[in-house]
Amino acid sequence: MSAGRHRMRRNLHAATAAAAVGVLAVTAGGWFGYQQLAQPDCSGRIELSVAVAAELAPAVDAAAAQWVKDGAAVGGTCIAVNVAATDPVDVAATVAAKHGVTLAGVGQASGTSVSPDVWVPDSSTWLLRLKTGGATAFEPGNGASIARSPVVVAMPVPIATRLGWPQKKFSWTQLLQQVQSDKPLRTGIVEPTRDAAGLSGLLSLTAAASASGGPDAEKEKVAALRALATDRSALRPDLLARFPTASDPTTIASSLGAAALSEEDVIQYNSKKPPVPLAALYLEPAPAPLDYPYAVLPGIEPAKASAARVLYEVLTTDGFGDRLARQSLRAPDGNWGAGFDAPQGAPSPAGGATPPANGGGSATGGLDPQAMDRAVSSWSIATQSGRMLAVIDVSGSMKEKVANAGNATRQQVTVEAARRGLNLFDDSWSIGLWTFSTRLVGNRDHRELLPIGPLSRQRGKLEQSLGAIRSSTGNTGLYDTVLAAYQQVQDNWEPGRVNSVVLFTDGKNEDSDGITQQKLLSELDEIKDPERPVQVVIIGIGGDVSKAELKSITDVTGGGAFVTEDPTRIGDIFLKAIALRKAPT
């Protein structure tokens, strides 16, 4: 690992410009074009805070220091730049908290963390995840790339050579075959919910697993997730430490055999002259690279925004490419500058789809935000364990047909989404299944199809029970069912796991004989126990659902309410809802 991976903080103090010193100033036209002016002096001082991915921080630090030394100013005001090497996940947590959203796997922001003026994470996927995660007001300025590092598959040279490297070109499908062979290649990953290179590798591998489109595509995708999860690491240094530490065959065979990392990671790892160097495999199709977007965060004052625009110009000069090369990074166009120590077989320029600037929607050649969101959610589910009671609405309105789902009913679409989602859960999960309407069993609104139990024992029964679900002629007995389900999960609460109720419904409470909303909320508030938390996730389907009604429930219990008018989206929402549940503290 490079020294830049270690947290650093350095203040770059502005120097007062003397007479005839060249001063940088913003032109009136916006982002592009700055000119040197001669000014006798500058008044005031702008403090610009810049959070940068650690491997890029030394290059930004040096360029900003030179700029300040030369007399950095805008509009007659001197500029001080504070460059801080930060882990992108920490800033993402801070920005997410500021905008009232939660990102799967990111965790809570530190109580002392402060949002910077400018953020240069390692990947635009962070900006995209914030937007698709619900931070609709998050509109970072610019977002254009200032550096690049391709995502590669790092593999010990003896293993890569045995597979035909460097002569042979590899695809993600071929890597997947190695992972799923009788003697599987031991593959690791840095937690993709917290690491952009890990996420890029996850997207490529799961896309390869789904590419066949055949009946086994879903199983292959789940198998790929499981294989990656076996050797996942929360931190990149921990993953790198699992590569062979000696060149004997036994050590190589028992060590990590492949991992999605950045090209910069491989160069820096090999620069330490390890006993077994790593080969960088540039697989096709090229995964999304680390593209280091320059994001001016919304809400900063105009003077700082102007200073940020000029700093961007400083970081896109021809000379900055050589600073990048010294940090084992490429220029945004994929080419490298003087002094770059290219791995064997490295392409120039390097390709790979990148998300559009500003974390916006999908563009030609860019990442699909929904596919990325789905991959993150699937990973979170596949790698956690929990105890869950799934509760599915079978009221008469669930018979309504969905035109854009081949005229399948809402019931069929919901059951299929639940079935596909539950396939992600491994045998460590405990899951039960209820249905509900009104008066399904005597005067009771719910029916237990399967008690909560380990999937290791009842996966087949769960599949059969889901397949047997049919809509009734009743109404929606929401309130009685929520209370009964909550009490059921709480009565058999298990420590160390997320205990939850996940309920699917397409309507409001319509049970004239049941408890009122006020009674439900007061009962839940009375029986909830901070020492035995039960999270309630309610997924509303169609235009008849009241999100306010659902949210009033989850505000008491914890969890969340998710509503979609398009029933075909229920599968994605189910994954997202489960992935966002908070693990016990």
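## Surroundings of Phe425

Beyond the neighbours within four places in sequence, Phe425 is in contact with Arg226, Ile381, Met388, Ile431, Leu455, Arg459 and Ile578. Phe425 has 0% relative accessibility and therefore counts as buried, the cut-off being under 20%.

Phe425 also takes part in an aromatic pair with Trp429. The two rings are stacked, with 4.2 Å from centre to centre and 10° between the planes. Trp429 likewise counts as buried, because its relative accessibility is 0%. By the rule applied here, the model holds five aromatic pairs.

## Nonpolar cores

The largest nonpolar core comprises 75 residues. Phe425 is one of the residues with the most contacts inside this core, a group that also contains Met155, Leu281, Met388, Leu466, Phe504 and Ile539. Helix 19, spanning residues 570-579, gives the most to this core, with seven residues.

## Helix 18 and its cover

Which residues of helix 18 are buried? Within this helix (residues 547-557), they are Glu549, Leu550, Ser552, Ile553, Thr554, Val556 and Thr557. The elements covering these buried residues include two helices, helix 16 (478-491) and helix 17 (517-527). Strand 21 (535-541) and strand 22 (559-564) are also part of the cover.

After helix 18 comes Gly558, which has a positive phi near 85°.

## The chain as a whole

The protein chain contains 19 helices and 22 strands. Of its 585 residues, 55% are buried. Among contacts in the chain with a separation of 6 or more, 77% are between residues 24 or more positions apart. The chain exposes about 23900 Å², of which carbon and sulfur atoms supply 49%.

## Confidence of the prediction

The average pLDDT of the protein chain is 86, and 88% of the residues score at least 70. Where pLDDT is low, the predicted coordinates should not be read in detail.

Note on methods. Residues are numbered from 1 along each chain as its sequence is written. This is a predicted model: local features need pLDDT of at least 70, side-chain atom pairs count only at pLDDT 80 or more; totals for chains, interfaces and linings use all residues. Side-chain values use heavy atoms; hydrogens and water are left out. A nonpolar core is a set of buried Ala, Val, Leu, Ile, Met, Phe, Trp, Tyr and Cys residues joined through side-chain atoms within 4.5 Å. Buried means under 20% relative accessible area, exposed over 50%, partly exposed in between (1.4 Å probe, protein chains only). Helices (H or I, at least four residues) and strands (E, at least two) are DSSP runs, numbered from the N terminus. Contact means heavy atoms within 4.5 Å. Rings of Phe, Tyr and Trp (its six-membered ring) pair if their centres lie within 6.5 Å; planes under 30 degrees apart count as stacked, over 60 as edge-to-face and the rest as tilted. Accessible areas come from the Shrake-Rupley method with a 1.4 Å probe; for residues, only the protein chains shown count as cover. pLDDT is the predictor's confidence in each residue, from 0 to 100.
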